[in-house]
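Dear colleague,

Please read the notes alongside the coordinates.

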Amino acid sequence: MKRIVLICLAIFMAAVLTACQGDTGGTTEAEGASGYPESNITIVAPSGAGGGWDLTARAIAKVMSETGLVEKPITVENRAGGGGAVFMAEYATKEAENDYMLMAKSPPIIINNLKAEGNSPYGYKDTTPLAQLTRDYGAIVVKADSKFNTLTDLLDAIKADPTSITMAGGSAPGSMDHLVGILPAYGYGIDPKIVKYVSYDGGGEAIAALLGGNADAIATDASAIGEYVKSGDVKVLAVSSTERLSGELEEVPTFQELGIDAEFTIWRGLFGPKDMSEEAVNYWTAKLSELAESEEWTAELERNGWQNEYKNAEEFTKFLEEQETVVSELLEALDMHK
């Protein structure tokens, strides 16, 4: 079983790490012929403040507004609940034709739709994928004064008494943070089903739980934890990248460095509603292509510790189709598929 999971994961990560660059030509003319947008735009982060979706949505809004790429005001709205599943249900039904509401999302749009526990009946096929914009990684984090100084220290404690260690994350059981947290445990020979995991609505709440003593460790986005490392509030035990990261996390080892054959890449993108108009799709295809090529966006990526990973709407949709197959295999191997 372990061999199957690691093979599936390797395929999964190979697909995620493949950068597809493409031309979005033909959109400028369509944009010029359209009156869209005629009113303000909302980008929803379906989580609390401080997590990856929130940071991504705010970065997009900031650069779009400050560069004048989008002249209409852009508001970021946090809609927490069910690790993103609550808003996903609303977005797929009540907001299916709302051209003025976009959503920042990542692998849980696929994972939540396929997993058994707390799954969502809605997935990426109930949206209009617009673009993938970034690539990030997972991190296993403890408080600065934690007795755990290495990932193996933590895993040994879980192996000795799984009920004594609480792992937390900003997504529901079986979703992204949970997978980041249990994959190294699985690679270390621990049954992932015995790892005690508590979910919160967003990375910000998970970090607050850690700092408040309500969790022994959290699995979260590497890009979201740098400021807490810098302030001395936490220490990062390991990251899920294939190579060491830069900046505040440059001294943190990878899972693989520690002899744990596991890795996890977190892509993030922007989605429109399922029945988005052609005018709106063309508009955002053009604008997001311009965003990805701008110096201001490059600076924002560096500031947040993200990797640039742009795919246009067509490429992103094809990528999501491939990911659905691979994630399904991964969840089945972990006995988490619905």
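Asp-136 and Arg-268 are both buried (under 20% relative accessible area, with exposed meaning over 50% and partly exposed in between, for a 1.4 Å probe and protein chains only), and their side chains meet in a salt bridge of 2.9 Å, N to O, the term standing for a side-chain nitrogen of Lys or Arg within 4 Å of a carboxyl oxygen of Asp or Glu. This pair links strand β4 with strand β9 across 132 residues, helices (H or I, at least four residues) and strands (E, at least two) being DSSP runs numbered from the N terminus.

The model is predicted, so local features need pLDDT of at least 70 and side-chain atom pairs pLDDT 80 or more, whereas totals for chains, interfaces and linings use all residues. Residues are numbered from 1 along each chain as its sequence is written, and side-chain values use heavy atoms, leaving out hydrogens and water.

By this rule the count comes to 13 salt bridges. One of them joins Glu-300 and Lys-62 at 3.4 Å, N to O, linking helix α11 to helix α3 over 238 residues; Glu-300 is buried at 5% relative accessible area, while Lys-62 is partly exposed at 34%.

Asp-99, by contrast, is buried yet has no salt bridge, the nearest side chain of opposite charge, Lys-274, being 14 Å away (Lys and Arg count as positive, Asp and Glu as negative, and His and the chain ends are not counted). Asp-99 sits in the loop between α4 and β3.

Best regards
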